2 protein chains.
Amino acid sequence: MSGHAAVKSLQRGELAERTGCNIETVRYYEKIGLLPEPPRTSGGHRAYSSTHERRLRFVMRARELGFSLEEIRELLRLAEERDRPCAEASTVAATHLQDVRTKIADLKRMEGVLKNVVVQCGDGTQPECPLIETLFREPTARSAKPRTKSARSPGD
Amino acid sequence: MSGHAAVKSLQRGELAERTGCNIETVRYYEKIGLLPEPPRTSGGHRAYSSTHERRLRFVMRARELGFSLEEIRELLRLAEERDRPCAEASTVAATHLQDVRTKIADLKRMEGVLKNVVVQCGDGTQPECPLIETLFREPTARSAKPRTKSARSPGD
DNA sequence: TCTTGAACCTGTAGTGACTACAGCCCGTAT
DNA sequence: ATACGGGCTGTAGTCACTACAGGTTCAAGA
């Protein structure tokens with residue numbers, strides 16, 4: 001698995017294949033300046049180095065943790081500084097952790113209500129559908145809109 | 001506060017004010033056909049009735065439960081049928097419940113990792129930042145991408 | 001009645017993080 | 001030599017809004 005042989009450059013979608021990242025996504029990251037533009041072959045094809053792969057993997061792992069691309073941009077900037085400013089990086093993480101917890105709380109509230117209606121609906125033979133009645137009648141508890149930056153689940 | 005007098009039509013943003021829904025959002029729902037177009041005054045202003053308010057509240061409550069607009073469209077369709085097809089409605093809810101649970105699981109995984117790195121970073125005086133090292137080194141456990149339809153938390 | 005100014009109107013563009021496609025070009029294997 | 005699978009660029013679509021520009025209407029106060 002680990003590259004013991006020297007890999008000079010990855011071509012023909014090898015970067016995408018090695019990392020599991022969609023090739024269009026890689027180009028998108030490049031376009032928005034998250035990844036550096038790689039050198040090109042004479043024909044114009046991108047020739048990535050292991051440096052590119054390393055950086056892409058960083059982005060992918062950060063995405064898996066739900067960081068937004070802007071947060072990742074900031075983390076990459078911090079990662080490149082000589083003396084790593086751990087304080088700033090961990091602030092980014094702590095803020096994001098709070099976002100994640102808020103989302104979990106919101107989703108759990110939804111889950112509770114949904115679980116109830118699904119149970120009440122049962123086999124679907126109710127004359128009045130509990131789900132529809134709930135939506136028409138009950139003022140479901142509203143959480144204050146947190147207005148957080150994105151940073152979504154990887155499965156979105 | 002509560003409308004004990006007959007309200008014939010709501011104007012001057014009264015619908016938005018009464019429901020707490022942004023007026024631009026109401027018009028967006030109208031445009032995509034989720035809400036019916038209300039009659040207009042001679043000058044072209046929308047004149048909503050309590051029927052519109054009821055339907056809008058339905059949409060808002062469903063959004064609070066994380067249903068997508070397409071799911072809500074379906075639920076509204078079911079709500080209008082003579083004999084309420086509870087079975088179909090509860091299937092929509094059950095599917096959505098599964099989506100919600102998947103998202104909770106994803107977010108909890110993120111929360112666990114983030115909690116750890118924040119603790120490891122501590123007061124930010126580490127020479128090597130644990131967060132950045134984690135992103136460069138560890139292959140964070142990847143969950144299979146569930147490829148679910150949207151339906152996001154209300155705070156997004 | 002007239003004026004003011006807030007709220008309405010339409011239509012378009014922007015958000016985030018991709019994904020999909022059209023139309024062309026390159027590179028390798030046969 | 002040629003086929004064809006992949007790369008290339010650029011644009012448009014997704015979801016659920018939100019923000020704005022540029023114009024019109026309405027209700028209240030003078």
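The following dialogue asks how some descriptions of this predicted model are reached.

Modeller: In this predicted model, local features need pLDDT of at least 70 and side-chain atom pairs count only at pLDDT 80 or more, whereas totals for chains, interfaces and linings use all residues. Residues are numbered from 1 along each chain as its sequence is written, chains are lettered from A and ligands numbered from 1 in the order in which they are written, and side-chain values use heavy atoms, with hydrogens and water left out.

Biologist: What pattern does chain A follow when read along the sequence?

Modeller: The pattern is α-α-α-α-α-α, and chain A has 6 helices and 0 strands, where helices (H or I, at least four residues) and strands (E, at least two) are DSSP runs numbered from the N terminus.

Biologist: What makes helix 3 of chain A oblique to helix 4 of chain A?

Modeller: Helix 3 (residues 50–64) of chain A and helix 4 (residues 69–80) of chain A pack at an angle of about 135°, with their axes 10 Å apart; that angle makes helix 3 of chain A oblique to helix 4 of chain A. Angles under 35 degrees count as roughly parallel, over 145 as roughly antiparallel, 65 to 115 as roughly perpendicular and the rest as oblique. The axes are lines fitted to C-alpha atoms, for helices over the stretch in contact, and the angles run from 0 to 180 degrees between N-to-C directions.

Biologist: Which residues make that contact?

Modeller: Helix 3 of chain A contributes R55(A), F58(A), V59(A), A62(A) and R63(A), while the residues from helix 4 of chain A include L69(A), I72(A) and L75(A), contact meaning heavy atoms within 4.5 Å. The residues of this contact divide into 8 nonpolar, no polar and 3 charged.

Biologist: Why is helix 3 of chain A called roughly perpendicular to helix 6 of chain B?

Modeller: Helix 3 of chain A and helix 6 (residues 130–137) of chain B pack at an angle of about 110°, with their axes 7 Å apart, and that makes helix 3 of chain A roughly perpendicular to helix 6 of chain B. Among the residues making this contact are F58(A) and A62(A) of helix 3 of chain A and L135(B) and F136(B) of helix 6 of chain B.

Biologist: How do you know that helix 5 of chain B and helix 6 of chain B are oblique to each other?

Modeller: Their axes come within 8 Å and cross at roughly 135°, and helix 5 of chain B and helix 6 of chain B are therefore oblique to each other. The contact is made by V117(B), Q120(B) and C121(B) of helix 5 of chain B and by P130(B), L131(B) and T134(B) of helix 6 of chain B.

Biologist: Why does V92(B) count as buried?

Modeller: V92(B) counts as buried because its relative accessibility is 15%, and buried means under 20% relative accessible area, exposed over 50% and partly exposed in between (1.4 Å probe, protein chains only). V92(B) is found in helix 5 (residues 86–121) of chain B and, not counting residues up to four places away in sequence, touches F67(B), E71(B), E74(B) and L75(B).

Conventions. Ala, Val, Leu, Ile, Met, Phe, Trp, Tyr, Cys and Pro count as nonpolar, Asp, Glu, Lys and Arg as charged, and the others, Gly among them, as polar.
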